[in-house]
Amino acid sequence: MIRAALLSPRGRLALVSGAALAIRLVYGLFVHPPFSFLRSDASGYISRAQDLLDGKWSPDPQATFFPYGTHYLLAAALGVSGRAEWSVGVSWALLASGAVAFTFLAAERLLAGSPRAALTVGLALAVYPPWIEHAGFALSETPTAFCVAVATWSAMRLSQEGRRRDALYLGAALAVGVALRPQIVLSAMALAVVLIWRGRRLPGITWRAGALAALPLVLVLGFSAGRVRYHTGHLGLVSTNGAFNYALGRCHAHTLSATRTPRSAFQPPGFLRLWRFREKSGVDPFPPLDPAFGPELTFDGQLWDEEPARGLAKRCVAETGPLRQARYSLSHIVLLWAYNVPWPSTGPVAMVSSFAHALLLLPGLLVALVRSLRKEHALALTASVHVFALLAVAMAFFGEARLRLPYDGIIVMLAVWVYADWLARLRARRAGPLVASQPG
């Protein structure tokens, strides 16, 4: 009976989602509750969520520096539960297991001829240490992973079946994702190009479906722009940290701060680890951190004010020139997989997981990205487009393993897609001579 249940789509989904949820509930409620880590970004998210519940809605330009989606979700969880701390652990466990479940559903579509391979994707993600660990942090990675997974699944189903509700699911997932991480805008734009470019290969794509998918995104972007205007009096999109992050990437400084905002120093873990790699290992990293003006920089202005940060970025670009800037972008891609682990995870489990990810998944991913550009693999391109967008964002701003983390579900799925095809071809070659040698 159990084996028969696992052979059905519902049985496989129940196994994957049940295992993922059970592990994350135990981890988020008993091993590492989110409120046990109240430092850095996590502290800021929870503090802003509590301010929101306390009715502190007066204009505050600094409230726009980080995207607002995470602390809105935290406020919703805390508000519904009467501010019970366990509600965040439960909410993040649900979102984390949902990311696993929807990635598995997407894998079943991409790997339609190989249900075992799709089940491998689901079970691998159910026990994937970085996703389990981040379910215990009140950070943006877990809800963003959920949104990326839902967007991938709904885009595939929309492409194949053309249902209006799938268009709305796609738009809603992208819209919420933008509020969590504005870089999702690039994924949405790239996905729109793919759906137009490969529309003939995707029978469910219509202009009406595209309009329905765009509607939630337009609404959220409109609200987001209004929020920035309310707090700062200036035009904006979702948050005001874009120029700050751009300055970090273009100047290659491991620390950047604003002189007029106290305690405003930010240190991308990837840059910091790259800078310290030589002194810890005695080996020069490749490529190294190569600061334009120095490893620690400041600009004269408020943290949320983007003009001074843009000015600093322009000076760094002028100082370094195109070739050094290109090397900067290359190092950002490398930092998505090397020299760091998904902050704030630490210890041997995080290190082994990161090494295994690069060793086992990266080769398959690179092949999948190239293969997905072929006409016959248009369905795969609806997933790989998110990875292309991630690479573009990293090149422009900076890279680190934490920024890659929400996309790991897609990366696992695409790598298994390639490996399953290779395995099937290998089996066919081995079986061929045996079949041919049998008497007719």
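These legends walk through a few close-up views of the structure above. The model is predicted, so to speak of local features takes pLDDT of at least 70, side-chain atom pairs count only at pLDDT 80 or more, and totals for chains, interfaces and linings use all residues. Residues are numbered from 1 along each chain as its sequence is written, and side-chain values use heavy atoms, with hydrogens and water left out.

**View 1. Helix H12, mostly covered.** Helices here are DSSP runs of H or I with at least four residues, strands are runs of E with at least two, and both are numbered from the N terminus. H12 spans residues 242-251, and seven of its ten residues are buried (under 20% relative accessible area; exposed is over 50%, partly exposed in between; 1.4 Å probe, protein chains only). Those seven are Ala 243, Phe 244, Ala 247, Leu 248, Gly 249, Arg 250 and Cys 251. They pack against strands E1 (255-258) and E2 (296-299), along with helices H13 (269-281), H14 (306-335) and H16 (378-396).

**View 2. Strand E1 and its partner E2.** E1 is covered on both faces: Thr 255 and Ser 257 are buried on one side, Leu 256 and Ala 258 on the other. The two strands pair in parallel over four bridges (pairing takes at least two DSSP bridges). Look for Ser 257 across from Thr 298, its bridge partner in E2.

**View 3. Val 100 in helix H5.** H5 covers residues 86-110, and Val 100 is buried, with a relative accessible area of 0%. Setting aside neighbours within four places in sequence, Val 100 is in contact with Val 16, Ala 20, Arg 24, Gly 122, Leu 125, Ala 126 and Trp 131. Tyr 128, 28 residues away in sequence, sits 9.5 Å from Val 100, C-alpha to C-alpha.

Notes:
Contact = heavy atoms within 4.5 Å.
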